[in-house]
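Have the model open and follow along.

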Amino acid sequence: MTTRLLDACLGKPVDATPIWLMRQAGRYLPEYRAIRERLSFIEMCRRPEVAAEITLQPLARFELDAAIIFADILLPLEGMGIGFHFAEDAGPVIEHPVRAAADLDSLRAGDPQTDVPFVLDALRLVSRELGGKVPLIGFAGAPFTLASYVIEGGHSRHYAEVKKLMYGAPATFERLMDLLTATVIAFLLAQLAAGAQVVQLFDSWVGALGPYDYERFAAPWSRKVLDAVGGHGAPVIHFANGASAMLPQVRAAGGDVIGVDWRIDLDRARDELGEGVAVQGNLDPVALLGPIAQVEARAADVLGRAHGRPGHIFNLGHGLLPQTPPDTVARLVAFVHDWQGER
Ligand code: CP3
C-alpha cells in the first residue's frame with residue numbers, strides 16, 4: 001500500500017516522488033491494442049470489466065503510484081442530449097454542435113447514475129481489485145473544454161465558433177456552461193462515491209483563451225466544480241493545459257494540486273502558484289520519443305526544479321502519445337522513484 005500520491009497531494013513529505021501519467025491506459029500498450037482490435041473505443045468504455053482491465057494494464061507493467069479510470073471526458077455528453085462519435089483518425093465528432101440559443105432547448109443536465117453507470121461500475125471493480133494498493137483517480141473535463149467540443153463539433157485550431165458564441169451571445173454560452181457544470185459536478189461526486197480517491201479536472205483546451213477571457217468565460221465555472229467537489233476527503237487535481245501564462249488565475253479557480261503543462265519550468269510555475277498548493281507535471285510527452293538518456297536528463301531537470309519542496313507529483317505536461325515505447329515509460333518510472341536528489 002503506497003500513500004505517496006495522496007501524501008504529495010496534501011504537501012506531506014514522501015519516500016519517493018509519486019508518478020502517474022496522463023493517458024497511461026491506452027494505445028501505446030500492445031495489450032490495449034489487442035482489445036481495441038475487437039471493440040470500438042466506446043464499447044471499451046461501456047463494458048465495465050473491459051474498462052477495469054484496461055485501467056489495470058499499465059499497473060501490471062510499471063510501478064505507477066496511481067490508477068486512472070479508463071473512460072473519457074466526453075462520455076457524459078450523450079445523456080445531456082449531445083450525441084457524438086469517434087471518427088477513425090479524426091477524433092471526436094459532435095453530431096449537432098451548439099451554435100445558438102435554440103440548440104440548447106433539447107439539452108438537460110446529465111445524471112451519472114443513468115447516463116454513465118458503466119463508468120461507476122468500472123470504478124467499483126477497479127477499486128475492489130486494487131484493494132487500496134494505490135489510489136484510483138476519477139476525472140472529468142472542465143466546463144470550458146467540454147463546451148469547446150460541444151460548440152466547435154470536434155477539434156479546433158482557432159476556437160472561432162466558441163469565441164463567436166462567447167462574445168456574441170454570452171447568455172447562450174453561459175447557459176451551456178451552467179448545464180455542463182451541473183453535469184460535471186454530479187459526475188465527479190458519483191465517481192468519488194463509487195471509489196475514486198482522487199479526481200482530476202482536465203481543462204485541456206483552455207489555453208485557447210488569454211487571461212482576460214479565462215477570468216470571464218472559464219474560471220467561474222471551473223471554480224464552481226472545484227468548490228463542489230473539494231472538501232470530500234479526496235484531493236482534487238486541476239490540470240489546465242496551455243495555461244502556463246495564467247497560473248495564478250488557474251490556482252484561484254481551485255484544486256489541491258495544479259497540473260502544469262511542459263511550457264514552463266516547474267520552479268517558475270511553483271513560484272507563480274505560491275505556497276499551499278501541490279504541483280503535478282511536467283515533462284513534455286513528446287520527449288518520451290527520444291533516446292532514454294535524454295528522457296532521464298529531462299526528468300532530472302523536472303525533479304530538480306521541484307526544489308526539495310514537498311507536494312510534487314511527477315507526470316507529463318499532457319497525455320502520452322500512442323507512439324511512446326513502453327520500455328521508455330518503464331525507465332522513466334524507475335528513474336523518478338530512484339532519484340536521489342532533494343525532495
Ligand atoms: O489517462 C488515462 O489513461 C485514462 C483514460 C483517458 C482517455 N481520455 C482515454 C482515451 C482520459 C483521462 C481521457 C481524457 C480526455 N479525453 C481528454 C482530456 C485529456 C487530454 O488529453 O487533454 C480529452 C481532450 C479527451 C477527448 C478525446 N478522447 C479525444 C480528443 C480523443 C481522440 C484523440 C486521441 O487522443 O485518441 C479521445 C479518444 C481516447 N480517449 C482514446 C483513449 C485511450 C483513444 C481511443 C482509441 O483507442 O482509438
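Start with a cluster: Asp265, Asp267, Asp301 and Arg305 are joined in a network of salt bridges. Keep in mind that this is a predicted model. Counting through the whole thing gives 16 salt bridges. The general idea is simple: side chains with opposite charges can pair up when their charged atoms come close.

Now hop over to glutamate 31, which makes a salt bridge with arginine 61, with 2.6 Å between the closest N and O atoms. This pair connects distant parts of the chain, since glutamate 31 sits in helix H2 (residues 30-38) and arginine 61 in helix H4 (residues 48-61), 30 residues apart. How accessible are the two partners? Glutamate 31 has a relative accessible area of 24%, so it counts as partly exposed, and arginine 61 is partly exposed too, at 38%.

Arginine 36 and glutamate 88 meet through their side chains in a salt bridge, 3.4 Å from N to O. Arginine 36 belongs to helix H2, while glutamate 88 is in the loop between strand E2 (84-87) and strand E3 (91-94), so this contact ties together parts 52 residues apart in sequence. Arginine 36 is partly exposed at 26%, whereas glutamate 88 is exposed, with 61% relative accessibility.

Finally, look at aspartate 271 and arginine 309, whose side chains form a salt bridge at 3.3 Å, N to O. Aspartate 271 is exposed at 54%; arginine 309 is partly exposed at 22%.

Methods
Residues are numbered from 1 along each chain as its sequence is written. This is a predicted model: local features need pLDDT of at least 70, side-chain atom pairs count only at pLDDT 80 or more; totals for chains, interfaces and linings use all residues. Side-chain values use heavy atoms; hydrogens and water are left out. A salt bridge is a side-chain nitrogen of Lys or Arg within 4 Å of a carboxyl oxygen of Asp or Glu. Helices (H or I, at least four residues) and strands (E, at least two) are DSSP runs, numbered from the N terminus. Buried means under 20% relative accessible area, exposed over 50%, partly exposed in between (1.4 Å probe, protein chains only).
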